[in-house]
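Me: I have a structure open and would like to talk through parts of it with you. Could you take it slowly?

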Amino acid sequence: MHARYGTDGLRMDVDVNAFSLLWAPRSVIMHYDVCEPPLALVLLILLIHYRKAIKPDFNGPGGKDINVGGEKGTEILQRLQVNIRPELFPKPGAFDGKKNLYAFRPFKFTSERFEVPWDKEHTPGRKMKTVTIQIVLVRRVDISLLRKVLSGNEQGNPSAIGPGTDVASSLNMLQAFLQAAPKMAKGNLHKGKSVYVQWSKGYQQTSDQKRIDERMRPLRLIDGFFQSARMTMGSLIVNIDLSVGVVLQEMQLEALCAAFLKCSNFRHLNQLCSASGGEFDKLRHFLRDVKVSIHIPGKASKSKGRRAIRNLIRDVGAHSFDRNGVPTTIRDYFLSTHGVRIPPQSIGVVIGNHEIFPISVCVVPEQLYKSKLLPDHVREVLSFVPKNPRERLQRIKAGWQNLEYDNSEFLKGADIAVRPEALTISGRILPSPQIMYGGTNGPYKLTLGKPGTWDVMRKTFWAPAKISFVLIFNLTGRRHGEEMKAFMSFLFKTLSERGIAVPKTSLILDDNGADPKSLIRREAEKHNAKPNGLLVLALLPENAAELYANVKRVGDIQLGVPTQCIRWSSKLIQNVKSNRVDQYLNNLALKINARCGGVNHVPSSVAMSYLAEMPTMVIGADVTHPSPGSTAPSFASLVSSRDPQCSIYSAQMKIQPFRREIIESIDVMMTKAIKIFRMNSDDTKYPHFKLQRIFFFRDGVSEGEFETVRELELNALKRLLVKFYGRDRPRITFIVVGKRHHFRFFPKSGGTADASGNCPSGFVVDRGIEHPVYSDFYLQSQPGLKGTSIPAHYTVIEDENLGGNGDRLQSLAYAKPPISLLHMLIRFFKKRYALCHTYQRSTRSVKLPAPVYYADLVCQRAKFHFQPRFSNQLDGFSDAATDDTPESLTQDFRNLHQNLDMTMHFM
């Protein structure tokens with residue numbers, strides 16, 4: 001057995017949503033390039049990212065170029081091959097939606113230019129719009145070359161599968177062939193690697209799904225099927241998973257607006273949106289980027305193609321524009337030109353940069369809804385997905401026929417087949433660590449009765465925080481009563497039981513929260529409370545997102561004091577009255593202790609002892625991007641440990657260019673992390689405290705970006721460490737932690753599953769679906785709750801700490817011969833998967849290492865670093881009418897207050 005595979009733990013067989021892909025030993029595929037004329041073939045590779053695959057012979061509004069999307073491009077290529085010039089295409093090729101066309105039979109040309117109508121059907125009397133396409137044969141790809149990679153001969157050689165290689169072309173071809181038939185099937189919608197089906201083939205909708213349809217209106221949920229061809233050690237597989245499609249069905253835009261706002265008629269709709277209040281903004285957010293076509297009664301020639309809504313305006317008829325030098329209202333224009341009357345207070349839409357139409361002439365074609373969902377809709381999506389792993393696998397199998405594998409002429413022509421049986425693979429269940437708490441008589445070790453779960457009741461925190469004063473503010477807008485007093489009494493009693501002594505507190509002060517900065521500053525001065533050791537407790541109304549953000553902004557950015565907000569809900573009040581708040585109070589205590597500098601618990605394991613034996617820093621880093629429709633920038637966060645147990649972290653966040661995945665400020669953030677570590681260890685005065693090891697966990701990176709991250713982040717980190725420490729710099733282990741993959745595990749029998757039907761906490765898989773080039777494994781560290789648990793995917797980009805050296809093995813306390821990097825890494829996580837047990841906000845093992853979760857929490861607090869007026873953009877509800885630009889957002893960004901640099905304020 002290869003050394004990369006582990007052996008520790010109890011074996012457990014599972015099904016996985018992967019299916020064997022078989023192909024003929026010598027399959028040869030034609031690879032054509034779909035390009036703009038008249039570029040020469042020698043330029044195609046140079047300009048691949050700078051031009052469009054299909055060139056429209058007309059411009060958009062304002063003379064702008066038309067961007068042809070993958071869905072439209074696929075439709076145009078299909079018409080060209082099947083309807084317009086079928087004699088040149090013996091068998092249609094599969095288009096990847098970008099610039100590549102794959103065929104299993106050669107076309108009747110090697111290079112040809114075509115003009116294709118833009119629209120499926122031409123309207124008489126209207127000038128025909130066309131697109132120009134040039135198709136050029138690039139190469140013949142022998143996909144049998146994949147066997148060298150699948151055999152494991154290219155382990156550790158990412159260049160063998162990188163962009164432009166025959167391996168990459170083969171995988172792209174397989175992906176295009178898999179998706180071609182279901183994408184072309186009538187009634188299906190598609191996006192990326194998912195196709196969304198209407199379940200017309202023998203599927204009976206359940207009563208639960210019918211109820212969900214009622215609650216989702218005017219949206220509808222349908223099942224989607226994600227499919228991806230993947231290489232594993234020894235074979236090719238197709239990973240098939242369920243996804244959820246949120247669909248807008250075809251209807252008049254006016255009817256869609258009325259249904260969304262639950263209006264009984266269109267007059268009521270106009271009245272509701274003309275009045276002051278949030279309904280109009282709510283509708284604007286809902287409709288942003290929804291595509292519509294224009295249909296003016298009796299004017300078929302004026303019908304326009306699908307175009308996205310950019311903004312909504314009130315009383316569209318009253319808006320005026322310059323028509324041949326004469327000011328004209330939209331109401332007068334539509335009446336005189338089209339005979340269409342626009343009632344007063346009618347809503348209008350802005351399409352493109354300047355075109356305005358009343359919603360009465362807009363039609364919404366069927367489409368996937370891509371904007372951010374409302375909380376009520378999110379809850380319905382969660383109830384729509386399968387409730388347990390077995391139901392998920394059954395839904396995948398039930399939808400098999402919708403993928404058209406058996407009927408696909410692309411797969412048949414290339415001698416490719418996909419087996420319908422899910423693969424069975426073996427994994428192992430790993431033992432849980434003990435959890436250590438504090439106490440007057442020394443550390444208390446807790447052995448877990450159920451893997452991945454424990455509780456904090458009747459235990460003392462490992463390191464209770466030191467809090468000198470607590471300010472208590474009631475910002476609910478009502479006078480505090482006996483219930484609030486009782487709640488505060490219960491809370492301080494719970495903190496005391498967990499080991500946190502609070503010597504002084506203020507009385508509960510009632511305030512409307514209009515100016516939290518002045519309030520906190522005034523009361524702190526009144527009680528002579530210094531920022532060091534101060535905690536602010538703020539009780540908020542049940543729905544107070546803006547007030548919550550204001551309190552956090554004041555505490556995190558302006559004053560530099562830890563704040564704990566408490567939602568004073570009717571449910572909490574009832575629980576206080578009935579004295580059923582123990583669990584809530586203990587969860588609150590977890591946050592307060594960690595936020596104020598304490599440590600709730602630490603795992604007791606070989607891995608944690610290994611981390612503590614020499615100066616080690618554990619890092620979590622993440623980049624988050626704005627929601628669809630938002631103009632906000634992206635954000636990068638980095639958290640770094642500064643204690644021997646790697647349980648206390650400092651956090652940083654920096655603004656990034658829009659949707660930029662690579663962390664551009666890695667040097668700046670790591671410089672500060674090293675300085676903070678030095679302040680805690682004083683390695684300038686005591687050289688033996690010098691940082692020696694770094695474990696870097698990077699979240700949010702796709703497989704195609706691994707080498708870019710290596711070049712631009714890992715190598716930048718190495719250069720920085722050389723500047724600080726010289727040639728004897730700390731050793732680095734750099735691991736990408738993925739959570740957006742689509743592999744799921746399904747226990748073979750109920751006896752090995754946990755109560756939720758999932759694999760138990762600590763289940764690890766390192767064979768059967770492992771990557772043939774990168775060292776990787778899947779670890780399901782969290783106990784199951786609802787639905788199907790998602791394992792974390794660990795990919796080792798580089799390791800300098802656990803490379804098989806005997807000294808390092810001894811530091812892990814394993815008396816075994818030297819073994820491989822990955823085997824050691826798996827031991828580091830799986831033998832006690834310790835970092836998944838150090839998450840301070842929970843008494844459960846979590847899905848990702850704690851620093852990765854912390855980095856995500858830091859990014860979620862991005863809006864606190866800006867003025868309140870930017871909150872909509874940062875929440876994904878960008879107001880198209882605003883004058884704010886990405887540049888103004890960037891200029892408004894404020895860093896965390898220096899008082900909180902050494903704290904886990906993000907808890």
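Reply: What follows is a chat about a few strands and helices and one threonine.

Reply: This is a predicted model, where local features need pLDDT of at least 70 and side-chain atom pairs count only at pLDDT 80 or more, while totals for chains, interfaces and linings use all residues. Residues are numbered from 1 along each chain as its sequence is written, and side-chain values use heavy atoms, with hydrogens and water left out.

Me: OK, is strand β38 buried or exposed?

Reply: Strand β38, residues 775-780, has 6 of its 6 residues buried, so it is largely enclosed by the rest of the structure. Buried means under 20% relative accessible area, exposed means over 50%, and partly exposed is in between, with a 1.4 Å probe and protein chains only. Strands here are DSSP runs of E with at least two residues, and helices are runs of H or I with at least four, numbered from the N terminus.

Me: And which residues sit on each side of β38?

Reply: Ser 775, Phe 777 and Leu 779 are on one side, with Asp 776, Tyr 778 and Gln 780 on the other, and all of them are buried.

Me: Which strands does β38 pair with?

Reply: Strand β37 (residues 763-765) pairs with β38 in the antiparallel sense over 3 bridges, and strand β39 (residues 792-799) is joined to β38 by 5 bridges, also running antiparallel. Two strands count as paired if DSSP finds at least two bridges between them. Phe 763 has Gln 780 as its bridge partner in β38, whereas Leu 779 stands opposite Ala 792 in β39.

Me: Switching to helices, how do α5 and α10 cross?

Reply: The axes of α5 (residues 207-216) and α10 (residues 375-384) come within 10 Å and cross at roughly 165°; axes are lines fitted to C-alpha atoms over the stretch in contact, and angles run from 0 to 180 degrees between N-to-C directions. The two helices are therefore roughly antiparallel to each other, a label for angles over 145 degrees.

Me: Which residues meet there?

Reply: Gln 209, Ile 212, Arg 215 and Met 216 in α5 meet His 377, Glu 380, Ser 383 and Phe 384 in α10, where contact means heavy atoms within 4.5 Å.

Me: Last one, where is Thr 890?

Reply: Thr 890 lies in helix α25, residues 886-892, and is partly exposed, with a relative accessible area of 38%. Thr 890 and Phe 866 are 24 residues apart in sequence and 9.0 Å apart in space, C-alpha to C-alpha.

Note on methods:
Angles under 35 degrees count as roughly parallel, over 145 as roughly antiparallel, 65 to 115 as roughly perpendicular and the rest as oblique.
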